[in-house]
Amino acid sequence: MNTHERSSLLARALGELQAGEDGDARRLLDMASEHGSLMASGLLQALAGDEVSNAYDQPRAFERFIRGAGNLALYDAVSAELARMYTTHVPHSLLDIGAGDGMALAPAIGASDHAIAHLDVVEPNSALLCHLKALLPTAEGHETTLERFAPTLPATAHWQMAQSTFALQSIAPAARKAALRLLAAHVDRLIIVEFDVPDLAAGTPEYYASLAARYEEAAADCGDDADLVAGGFLAPMLLGQLRAAAPSNYEQPMRAWESEVTEAGFRVVRVAHVHPYSWADAFLLEAVPAGHSPGRPAD
Ligand SMILES: C[S@@+](CC[C@H](N)C(=O)[O-])C[C@H]1O[C@@H](n2cnc3c(N)ncnc32)[C@H](O)[C@@H]1O
């Protein structure tokens, strides 16, 4: 069986999973797994256990994933781009939303010649937050989600810059837009880094083929950690994308991010390509609150 045939078996299995036809899906996954599909094995593993409901429930799998060969160049590019933002805009105060273990944030702070006096991070996963605090002990950690954090902000809360790298895709669009709208009153500038995923209609054969190819390549990039990452991070992420009951990933094309941020009360001032990546190209979006008056003092 060649790579294309294996990928098309995986793509058909994804269609069956989304349709709730788990028996048919498992048969297709068994076949693809026997022929070496890492994602088919990972999905079978995730379907067999019931304790893993979220892609970040096994932080070690996520942390191995972002340190896989393909991800290192991506993170280098993201951190370099963030460092350039700090040098250009010299923020006194910074809020990182969904900061994870600081893999993008810490090197950006280290590479920038501008010192940020007040750093806050919002991160709901306690293990990831704990690892971040070990790297950045002066950061103020908020172990919560953006949706819970934003409505509780006092009127005086203010950051000169807010950033989020690959984290807003974890939040359902309506809740995300509502939280961003609240955040617009508290920040001078918003920097988002996300993937410009292909604009394909969900549920079409092209959509499943794209998911199958992109996830398989992401797993293959992880070398010796491929089994851990496929079963512990990528499969829960993919199931979260396919299962209507509890989706946990809401990635979208770059143009949709631009529209969403605009509808949430920001003005997009720049969109730039950051890195070509197997999953999809990473891009950076820079926005300011619509009606923003520059030079507002920091918190
Ligand atoms: C792909 S990771 C990115 C982490 C980090 N920003 C980076 O670039 O490595 C997504 C992060 O978003 C966090 N997250 C998930 N849901 C969230 C929410 N509702 N609000 C804020 N962060 C969330 C996860 O715990 C995880 O750390």
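**Ground rules.** Residues count from 1 along each chain as its sequence is written, and side-chain values use heavy atoms, with hydrogens and water left out. Because the model is predicted, local features need pLDDT of at least 70 and side-chain atom pairs pLDDT 80 or more, while totals for chains, interfaces and linings use all residues.

**Around the ligand.** I looked up who sits near the ligand (a heavy atom within 4 Å) and got 19 residues, with Tyr75, Gly98, Glu123, Glu147 and Thr165 coming nearest. By class, I have 11 nonpolar, six polar (Gly counts here) and two charged residues in this shell.

**Polar contacts.** Next I checked N or O pairs within 3.5 Å. Tyr75 puts a polar side-chain atom 2.6 Å from a ligand oxygen. Thr165 also uses its side chain, with an N or O atom 2.6 Å from an oxygen of the ligand. Gly98 uses a polar backbone atom, 2.7 Å from a ligand nitrogen. I then looked at cover: the protein hides 93% of the 590 Å² of accessible area (Shrake-Rupley, 1.4 Å probe) that the ligand has on its own.

**Domains.** The assignment, automatic or from a database, gives me domain 1 (3-67 + 202-242) and domain 2 (69-197 + 251-289). Their C-alpha centres are 27 Å apart.

Terms used:
Polar contact = N/O pair within 3.5 Å; in protein donor to acceptor, adjacent residues only side chain to side chain.
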